[in-house]
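Please keep the sequence and the structure in view while reading.

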Amino acid sequence: MEYIIVVILGILFAAFLYWAYLPDYKMNPKEFWKTLIGVPIGLFLGFIGFGALNEAIRKWAVEKKEQ
């Protein structure tokens with residue numbers, strides 16, 4: 001029974017990732033992995049009170065590179 005619940009939660013999580021991050025991937029595939037890693041970590045750090053680290057990760061994830 002636990003196996004079924006874990007599988008269903010995994011499918012829902014994968015569907016959420018697909019729905020939430022697909023537009024970002026289409027806009028800029030090269031920066032997609034930074035966003036995928038940086039956003040959850042930044043949200044967690046902001047939640048536990050490390051606002052400065054949250055801002056540093058946000059800047060790293062969405063930095064604009066000069067061409």
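Leu22 is part of helix α1. In this predicted model, Leu22 has a relative accessible area of 26%, so it counts as partly exposed. The cut-offs behind that label are under 20% for buried and over 50% for exposed. From Leu22 to Val7 there are 15 residues in sequence, and the C-alpha atoms of the two are 22 Å apart in space.

Asn28 sits in the loop between α1 and α2. Its relative accessible area is 35%, and therefore Asn28 is partly exposed. Asn28 and Phe50 are 22 residues apart in sequence, while their C-alpha atoms lie 28 Å apart in space.

**Helix pairs**

A pair of packed helices is described by two values, the angle between the axes and the distance between the axes. The table gives both for two pairs.

| Helix pair | Angle | Distance between axes |
|---|---|---|
| α1 (residues 2-27) and α2 | about 130° | 10 Å |
| α2 (residues 32-47) and α3 (residues 51-62) | about 170° | 8 Å |

How are α2 and α3 oriented to each other? With an angle of about 170°, α2 is roughly antiparallel to α3. Angles over 145 degrees count as roughly antiparallel. The crossing of α2 past α3 is left-handed. On the α2 side, the residues in contact are Lys34, Thr35, Gly38, Ile41, Gly42, Leu43, Leu45 and Gly46. On the α3 side they are Leu53, Asn54, Ile57, Trp60 and Ala61. Sorted by class, the contact of α2 with α3 holds seven nonpolar, five polar and one charged residues.

The other pair is α1 and α2, which pack at an angle of about 130°. These two helices are therefore oblique to each other. The crossing of α1 past α2 is right-handed. From α1, the contact uses Leu17, Tyr21, Asp24 and Tyr25. From α2, it uses Phe32, Thr35, Leu36, Val39 and Pro40. By class, the contact of α1 with α2 has seven nonpolar, one polar and one charged residues. Thr35 of α2 is listed in the contact with α3 and also in the contact with α1.

**The whole chain**

How many helices and strands does the protein chain have? There are three helices and zero strands. Along the sequence, the pattern of the protein chain reads α-α-α. The radius of gyration is 15 Å, well over the 11 Å that the globule rule gives for 67 residues, so the protein chain is more spread out than a compact globule. The C-alpha trace spans about 50 × 30 × 10 Å along its principal axes. Of the 67 residues in the protein chain, 13% count as buried.

How values were computed: Residues are numbered from 1 along each chain as its sequence is written. This is a predicted model: local features need pLDDT of at least 70, side-chain atom pairs count only at pLDDT 80 or more; totals for chains, interfaces and linings use all residues. Side-chain values use heavy atoms; hydrogens and water are left out. Axes are lines fitted to C-alpha atoms, for helices over the stretch in contact, and angles run from 0 to 180 degrees between N-to-C directions. Helices (H or I, at least four residues) and strands (E, at least two) are DSSP runs, numbered from the N terminus. Angles under 35 degrees count as roughly parallel, over 145 as roughly antiparallel, 65 to 115 as roughly perpendicular and the rest as oblique. A crossing is left-handed if the near helix is turned anticlockwise from the far one by less than a right angle, and right-handed if clockwise. Contact means heavy atoms within 4.5 Å. Ala, Val, Leu, Ile, Met, Phe, Trp, Tyr, Cys and Pro count as nonpolar, Asp, Glu, Lys and Arg as charged, and the others, Gly among them, as polar. The radius of gyration is taken over C-alpha atoms; the globule rule is 2.2 Å times the number of residues to the power 0.38. Buried means under 20% relative accessible area, exposed over 50%, partly exposed in between (1.4 Å probe, protein chains only).
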